[in-house]
Amino acid sequence: MKWETLADYAALSTRAAALMLDAISRDGKLVLGLPTGNTPVGMYDRVVAECGRQYHCFRDVVAFNLDEYVGIPRDHPGSYFTFMQQHLFSHVDIDPKNTFIPNGRAPDLKVESERYDRLIRNAGNIGLTVLGLGSNGHIAFNEPGTPFDSRTHVVALSESTRRANAAFFLDQPVPTHAITMGIGTILESRSIVLLASGEKKREAIARLRSGEQSADFPASALWSHQNVLVLLDEAAAVSS
Ligand code: GLP
């Protein structure tokens with residue numbers, strides 16, 4: 001696992017955007033795994049700004065989102081579908097046919113999960129996955145206790161995760177379940193960049209650095225992968 005500490009959130013976002021755009025310039029047909037949450041917003045802003053200056057930036061890129069809430073319509077303001085339109089997809093030339101997000105309203109979520117894994121496999125697996133980090137160590141929506149070989153599946157969200165995401169739902173209740181790529185699915189990505197910013201992530205970063213590998217701390221699965229870069233800012237890095 002490689003580690004890079006950037007001065008602040010702005011520098012972290014610039015670095016993450018550069019990594020994504022470099023990967024696309026090396027392979028115009030790159031398959032991306034994409035995160036939501038607050039942390040990647042700055043990265044997406046910079047990617048969008050840069051792509052405004054380039055011709056056909058995302059034309060042949062394929063994107064698989066990590067997760068989606070169960071039970072809300074895709075145009076709900078809190079859905080990850082809406083998030084991705086707002087922060088990336090509606091601002092770049094990605095082909096909507098090449099953007100995939102699990103369908104949290106599918107009639108049979110097990111069938112939907114299997115379909116999602118199949119789509120990823122058929123696309124030749126993911127080349128670069130960008131991940132955020134939950135303060136309890138979750139990656140995508142894989143909460144503590146998730147087996148490291150899990151495939152795309154439905155999860156019950158922990159109270160702390162629901163609270164952490166409440167701002168996206170304003171005064172409406174945060175869904176109780178989500179559909180997420182599994183840890184096994186994520187580990188099949190050829191390269192992974194994990195983003196962590198701010199004091200709220202310090203504890204999780206310290207635990208990740210400790211080298212402990214256990215299902216109680218989902219991000220620790222990344223230790224078994226050959227090509228992981230952890231990008232953090234100083235606020236997330238400093239141990240108090
Ligand atoms: C949600 C997402 C995760 C994300 C996490 C951290 O739970 N499903 O993919 O990593 O939030 O979010 P934030 O970046 O807002 O701290």
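Q: What makes the link of Cys51 and Cys57 left-handed?
A: In this predicted model, the angle about the S-S bond is -50°, and the link of Cys51 and Cys57 is left-handed.

Q: Why is the pair Cys51 and Cys57 called a disulfide?
A: The sulfur atoms of Cys51 and Cys57 are 2.3 Å apart. A disulfide requires cysteine sulfur atoms within 2.5 Å, so the pair qualifies. The structure holds one disulfide, and both Cys51 and Cys57 are buried.

Q: Why are helices H2 and H3 called oblique to each other?
A: Helix H2 (residues 41-51) and helix H3 (residues 80-87) pack at an angle of about 40°, with their axes 10 Å apart. Angles under 35 degrees count as roughly parallel and 65 to 115 as roughly perpendicular; H2 and H3 are therefore oblique.

Q: Which residues of H2 and H3 meet, and how do they divide into nonpolar, polar and charged?
A: Val41, Tyr44 and Val48 in H2 meet Phe83, Met84 and His87 in H3. The residues of this contact comprise five nonpolar, one polar and no charged.

Q: What makes S1 and S5 the edge strands?
A: Seven strands form an open sheet with parallel pairing, in the order S1-S10-S9-S6-S2-S3-S5. Strand S1 (2-6) and strand S5 (99-100) each pair on one side only, and these are the edge strands. Helix H4 (residues 109-122) packs on the sheet, where H4 touches strand S3 (62-65) and S5.

Q: How do you know that strands S9 and S10 pair?
A: Pairing requires at least two bridges, and five join S9 (residues 191-196) to S10 (residues 228-233), so the two strands pair. S9 and S10 run parallel, and the bridge partner of Leu194 in S10 is Val230.

Technical notes. Residues are numbered from 1 along each chain as its sequence is written. This is a predicted model: local features need pLDDT of at least 70, side-chain atom pairs count only at pLDDT 80 or more; totals for chains, interfaces and linings use all residues. Side-chain values use heavy atoms; hydrogens and water are left out. Helices (H or I, at least four residues) and strands (E, at least two) are DSSP runs, numbered from the N terminus. Contact means heavy atoms within 4.5 Å. Axes are lines fitted to C-alpha atoms, for helices over the stretch in contact, and angles run from 0 to 180 degrees between N-to-C directions. Buried means under 20% relative accessible area, exposed over 50%, partly exposed in between (1.4 Å probe, protein chains only). Angles under 35 degrees count as roughly parallel, over 145 as roughly antiparallel, 65 to 115 as roughly perpendicular and the rest as oblique. Ala, Val, Leu, Ile, Met, Phe, Trp, Tyr, Cys and Pro count as nonpolar, Asp, Glu, Lys and Arg as charged, and the others, Gly among them, as polar.
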